[in-house]
Amino acid sequence: PPGTMSSSGSGAPQPSGDGGRDGQEDEQDWAAAKAFYDNLVSKKPRPPKPQHAITVAVSSRALFDLVEERRIFEEQGLEKYVKYQQDNENVTLKPGPAFHFVKALEHVNARLLELYPDDEERFDIVLMTNNHAQVGVRLINSINHYGLTIERFCMTGGKSPIGYLTAYLTNLYLSADSEKVQEAIEAGIAAATMFTANKDVAYSDTQLRVAFDGDAVLFSDESEQIVKEQGLDRFFEHEQLNENKPLAQGPLKGFLEDLGKLQKKFYAKNERLDCPIRTFLVTARSAASSGARVLKTLRSWGLEIDEALFLAGAPKGPVLVKIRPHIFFDDQMFHIEGAQKLGTIAAHVPYGVAQKYHKSA
C-alpha cells in the first residue's frame with residue numbers, strides 16, 4: 001500500500017495512515033468532499049485521493065533556498081525568524097535542491113492528465129514543513145510565483161512531521177533535516193536528505209530523470225554488510241553463490257515501483273519512445289563479479305530500469321554529469337559529496353550498515 005517503503009517484503013514497519021478509521025468512513029468523507037467540489041466550477045484539476053496518488057512530501061528547506069532564513073532562526077531565535085519571513089513575504093524565495101525534481105514531477109502529471117484525464121494515479125506534491133503557519137504566506141507566494149501545483153500544505157509549528165507523513169500515505173519524503181529523514185526511515189517511510197549541487201547545470205524540462213544507487217537504496221544492505229565486515233573477495237564469492245536468490249528490498253524500492261507503474265501508462269498509449277520518466281541504476285558494483293544478481297533481482301520484482309551503470313568502484317560523479325538526473329539517491333556520503341562537487345543534486349538515504357561509517361551533516 002502507499003505510505004510504506006514498498007508494497008512487499010522487507011519486514012520494515014508498515015504505517016497504516018488511517019488513524020483507527022475504517023476504509024468505508026474514509027470513502028464517505030471523500031464522497032462528501034467530491035460532491036461539494038463538483039458544484040464549484042474550476043479548470044484546475046483537484047489533487048488526487050491519497051490512496052490513488054504517489055505522494056511526495058517536500059520540506060520548505062528542500063523546495064526553497066532558506067539558508068539565510070535558517071541562519072536568522074539559529075542566531076536570533078524563532079520570533080525574529082517569523083518577523084523576517086513576514087516582512088519579506090512578497091520577496092520570492094530562490095529554488096532549493098528539490099525544486100527541479102518537483103517541476104519534473106509536475107511535467108509528468110501534465111502529460112498523464114492529457115492521456116488519462118479522469119485517472120488519479122499521478123504525483124501529489126505536499127509541502128510538509130515544521131514552519132509555523134505565520135510563515136505560510138511567503139511560501140504560498142513563492143509557490144504561485146513559480147507556477148507550482150502544490151495544494152496540500154502541512155505546517156507543524158515545530159512538531160515532528162512523521163505522524164502527518166503517515167496520514168498522507170507518503171510514498172517519498174524529502175527534507176534538508178537529516179534527523180527527520182532518519183525518523184521517517186525508521187517509521188518505514190521512504191525518505192532522503194537533500195543536498196544542493198555546487199554547480200548550476202541545465203536539467204531536462206521534458207523528462208523526469210531519477211538515478212538510484214543499488215545496495216541499501218533499492219536493495220537491502222545485506223551485501224554491503226559483507227563488504228564492510230569480510231572484504232571484497234568474500235563479497236564477490238557471496239554474490240556469485242547467491243546469483244539466483246533475489247536481494248531483499250531497500251527503502252527506495254517502492255518509489256522505483258511507483259515510477260515503473262507510471263511508465264507503463266505511457267507505454268500503453270504507445271509513448272515508450274517519448275516517455276517523460278527515465279530511471280538509472282548507478283552502482284559501485286562490477287558487472288562481471290556481482291552484477292547478475294542485481295539484474296535478476298529487478299527481474300524477479302517485475303521492475304524495469306532504463307539504464308544500468310556498473311562502475312566497479314569508479315567515482316559516480318562524472319557519470320552523473322552525463323545523466324543529469326533531477327535527483328540521485330545514495331546511502332554513502334562520500335558518493336553524495338562527489339556528486340555535489342560536479343553539479344548533481346543528491347539525496348542521502350540514511351539506511352543500512354554504511355551509516356556506522358558516515359553520518360549526513
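Biologist: Why is Phe-99 called buried in this predicted model?

Modeller: Phe-99 has a relative accessible area of 6%, and since the term applies under 20%, Phe-99 is counted as buried.

Biologist: What makes Tyr-146 partly exposed?

Modeller: The relative accessibility of Tyr-146 is 22%, whereas buried means under 20% and exposed means over 50%, so Tyr-146 falls in the class in between and counts as partly exposed.

Biologist: How many aromatic pairs does a search of the whole structure find, and why is the pair of Phe-99 and Tyr-146 called edge-to-face?

Modeller: The search finds 8 aromatic pairs. For Phe-99 and Tyr-146 the ring centres are 4.8 Å apart, and the planes stand at 70 degrees; as a pair needs centres within 6.5 Å and the edge-to-face class needs planes over 60 degrees apart, these two rings form an edge-to-face pair.

Biologist: Why can this pair be said to tie together parts of the chain?

Modeller: Phe-99 belongs to helix H5, while Tyr-146 lies in the loop between helix H6 (136–145) and strand E3 (152–155), so the pair ties together parts that are 47 residues apart in sequence.

Biologist: What makes the pair of Phe-212 and Phe-329 stacked?

Modeller: Their ring centres are 5.6 Å apart, with 20 degrees between the planes, and because planes under 30 degrees apart count as stacked, the pair of Phe-212 and Phe-329 receives that name. Phe-212 is in strand E6 (residues 208–212) and Phe-329 in strand E9 (residues 327–330), so that this pair links distant parts of the chain, 117 residues apart. Phe-212 and Phe-329 are both buried.

Biologist: Which residues do ring pairs link into a cluster with Phe-212 and Phe-329?

Modeller: Phe-101 and Phe-255 join Phe-212 and Phe-329 in that cluster. Phe-255 is found in helix H11, and its relative accessible area of 0% is under the 20% limit, which makes Phe-255 buried. From Phe-255 to Ala-190 the C-alpha to C-alpha distance is 7.7 Å, although the two are 65 residues apart in sequence.

Biologist: How do you know that helix H5 meets helix H11, and which residues take part?

Modeller: Contact means heavy atoms within 4.5 Å, and by that criterion Phe-101, Val-108, Arg-111, Leu-112 and Leu-115 in H5 meet Phe-255, Leu-262, Lys-265 and Phe-266 in H11. The residues of this contact divide into 7 nonpolar, no polar and 2 charged. The packing angle of H5 (residues 99–115) and H11 (residues 253–268) is about 35 degrees, and their axes are 10 Å apart; H5 passes H11 in a left-handed crossing.

Biologist: What makes the charged end of Lys-265 count as sitting over the ring of Tyr-116?

Modeller: The charged end of Lys-265 is 5.0 Å from the centre of the Tyr-116 ring, and the criterion asks for a distance within 6 Å together with a position within 35 degrees of the ring normal. The charged end of Lys-269 also sits over the ring of Tyr-116, 5.0 Å from its centre.

Biologist: Why is Ala-167 called partly exposed?

Modeller: Ala-167, in helix H7 (residues 162–167), has a relative accessible area of 45%, and because exposed means over 50% and buried under 20%, Ala-167 is partly exposed. Ala-167 and Pro-50 are 117 residues apart in sequence, with 9.1 Å between their C-alpha atoms.

Definitions and conventions
Residues numbered from 1 in each chain as written. Predicted model: local features only at pLDDT ≥ 70, side-chain atom pairs only at ≥ 80, totals over all residues. Heavy atoms only, no water. Axes fitted to C-alpha atoms, helices over the stretch in contact; angles between N-to-C directions. Helix = DSSP H or I, 4+ residues; strand = E, 2+ residues; numbered from the N terminus. Left-handed = near helix turned anticlockwise from the far one by under 90°. Nonpolar A, V, L, I, M, F, W, Y, C, P; charged D, E, K, R; others polar. Phe/Tyr/Trp six-rings, centres within 6.5 Å; stacked < 30°, edge-to-face > 60°. Buried < 20%, exposed > 50% of the residue type's maximum accessible area, 1.4 Å probe, protein only.
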